[in-house]
Amino acid sequence: MQKIFSVIARALKVKELRNRILFTLLILVIFRIFAFVPVPGVDSANLKNLFGGNQLLSLLDVFSGGTLANFSVLSLGLNPYINSSIIMQLLQMVFPKLEELAKEGNYGREKITLYTRYLTVPLAIMQAFGVYVLLRNQGIISALSIFDLFSVIATLTAGTIFLMWLGELITEKGIGNGISMIIFAGIVARLPITVFQQAQVIDQVQFTTILIMLVVALIVILGIVLVNEGRRQIPVHFSKRSYGGRTVTQNSYLPLRVNQTGVIPIIFAVSLVLLPTTLAQFLQGSTNPALAGMSAKIVQFFSPESVAYNLTYFGLVVGFTYFYSTVAFNTKQITENLMKNGGFIPGIRPGEQTKKYLDYINIRITLFGALFLGTIAILPSIAQNITGITSLVIGGTSVLILVSVALETSKQVESLMISRNYEGFLK
């Protein structure tokens, strides 16, 4: 943590980086202002009671930065955009043309991003209607006319598009990944409320339990830092080259990170694991007794404290970690680049054997990272069952996002500072 603050302090002395940091802070302030602009026609008191007594909705609310409990214009958060990104990633595996487009450098990435934006709109419309149905079934909002319903759906959809635009502005002109930074800001904004809720139950918990929780929290933070910083250095040798009549052998390393995907698997897994329960809650107000009864069973079966929910959550985190690890560490492309530059791994033949070796190492390294992320994801449920404290719904996940985003942002600041120093030297 001290390293992060020292990096930020040095960055503030550089005009370009200072402007980027101030721009990021400005965008996050705008995000928090709009988070408190409510959609009219909602019973705020009943809405807060609903979210206070529902762990699933509380989980959604934290990832939206508190905008859902306020039913603000940003209530949908970035969930439609995240789901759209998941769908586009999966479509690339199904349609070869999309996969080829993704490999066409900046042009291909821009096209994929454009398609992701287009897909976000219908997903946001469907989710906005689903939120309306849920609140109507709970008596939080009254039945609306077609015109009023259209206005609410259009407002919520526009809020998601606006939030997506803010995230892209941060990525382009600010510091860090915009989507991660907005989720980071939302969690930080909810910390005071979380601490207050936790303080209310301290009197009911034994001192030993509190001490154990603090120790576990420190171990979790230390583990997150170690896993995020952990690397497997694969030695790489390059063909001998002559410089000024001397033959020089260049040796290097191929760093393979234990957690190459950051917080993306957690964010995507949360978006999908909540779908069954969310859809079931929409149908609980159905006039069909059989459908309403089945929906109630699904809600109970996939409640956040259930075994089915945690196993599904754990499996999705592991699956997405492997999926995005193959995207982030493309062994085929790395093998081709090594061959073009005359590089090889000692004891491994260039070409197909190198690719198989890298795949083997990547699978083993990713397994540890995937199991760690999965454990962090379900750790709050385990702690809840042991301590009986129900306010620890997303503790591990939120800590993982906070620490990971902070580390990644500090690294980006360092790389920008190093790049600026090189540019000044070349001038």
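The term pLDDT stands for the predictor's confidence in each residue, from 0 to 100. In this predicted model, the protein chain averages a pLDDT of 76, and 76% of the residues score at least 70. Over residues 422-427 the pLDDT is below 50, and this stretch has zero contacts in the model beyond near neighbours in sequence, where a contact means heavy atoms within 4.5 Å. Where pLDDT is low, the predicted coordinates should not be read in detail.

Because the model is predicted, local features need a pLDDT of at least 70 and side-chain atom pairs count only at pLDDT 80 or more, while totals for chains, interfaces and linings use all residues. Residues are numbered from 1 along each chain as its sequence is written, and side-chain values use heavy atoms, with hydrogens and water left out.

**Overall make-up**

- The protein chain has 17 helices and five strands, which are DSSP runs numbered from the N terminus, with helices being H or I runs of at least four residues and strands being E runs of at least two.
- Of the 427 residues in the protein chain, 44% are buried; buried means under 20% relative accessible area, exposed means over 50%, and partly exposed lies in between, using a 1.4 Å probe and protein chains only.
- Among contacts in the protein chain between residues at least 6 apart in sequence, 74% join residues at least 24 apart.

**Salt bridges**

- Side chains of opposite charge can pair when their charged atoms come close.
- Two salt bridges are found in a search of the whole structure, a salt bridge being a side-chain nitrogen of Lys or Arg within 4 Å of a carboxyl oxygen of Asp or Glu.
- One of them joins Glu 168 to Arg 117, with the closest N and O atoms 2.9 Å apart. Glu 168 lies in helix α8 (residues 146-173) and Arg 117 in helix α7 (residues 105-137), so this pair ties together parts that are 51 residues apart in sequence. Arg 117 counts as partly exposed, at 32% relative accessibility.
- Asp 359 forms a salt bridge with Lys 355, and here the closest N and O atoms are 2.9 Å apart. Both Asp 359 and Lys 355 lie in helix α16 (residues 352-387), four residues apart, which is about one turn of the helix. Asp 359 is partly exposed at 23% relative accessibility, and Lys 355 is partly exposed at 23%.

**Aromatic rings**

- The whole structure holds six aromatic pairs; rings of Phe, Tyr and Trp (its six-membered ring) pair if their centres lie within 6.5 Å, and planes under 30 degrees apart count as stacked, over 60 as edge-to-face and the rest as tilted.
- Phe 34 and Phe 162 form a tilted pair, 4.9 Å centre to centre with 50 degrees between the planes. Since Phe 34 lies in helix α2 (residues 15-34) and Phe 162 in helix α8, the pair ties together parts that are 128 residues apart in sequence.
- Phe 34 is partly exposed, with a relative accessible area of 33%, and Phe 162 is partly exposed as well, with 23%. Ring pairs link Phe 34, Phe 162 and Trp 165 into a cluster.
- Phe 320 and Tyr 324 also form a tilted pair, 6.5 Å centre to centre with 40 degrees between the planes. Phe 320 and Tyr 324 are four residues apart in helix α14 (residues 307-328), separated by about one helical turn. Phe 320 counts as buried at 10% relative accessibility, and Tyr 324 is buried with a relative accessible area of 8%.

- In helix α15 (residues 331-340), Thr 331, Ile 334, Thr 335 and Leu 338 are buried. These residues cover an arc of only 100 degrees around the axis, which puts them on the same side of α15; the arc is that of the directions from the helix axis to the C-beta atoms.
- Phe 302 is found in the loop between α13 (289-301) and α14, and Phe 302 is buried, with a relative accessible area of 15%. Not counting residues up to four places away in sequence, Phe 302 touches Pro 276, Thr 277, Ala 308, Tyr 309 and Thr 312.
- Leu 74 has its place in the loop between α4 (55-63) and α5 (79-94), and Leu 74 is buried, with a relative accessible area of 1%. Leu 74 and Pro 38 are 36 residues apart in sequence and 8.7 Å apart in space, C-alpha to C-alpha.
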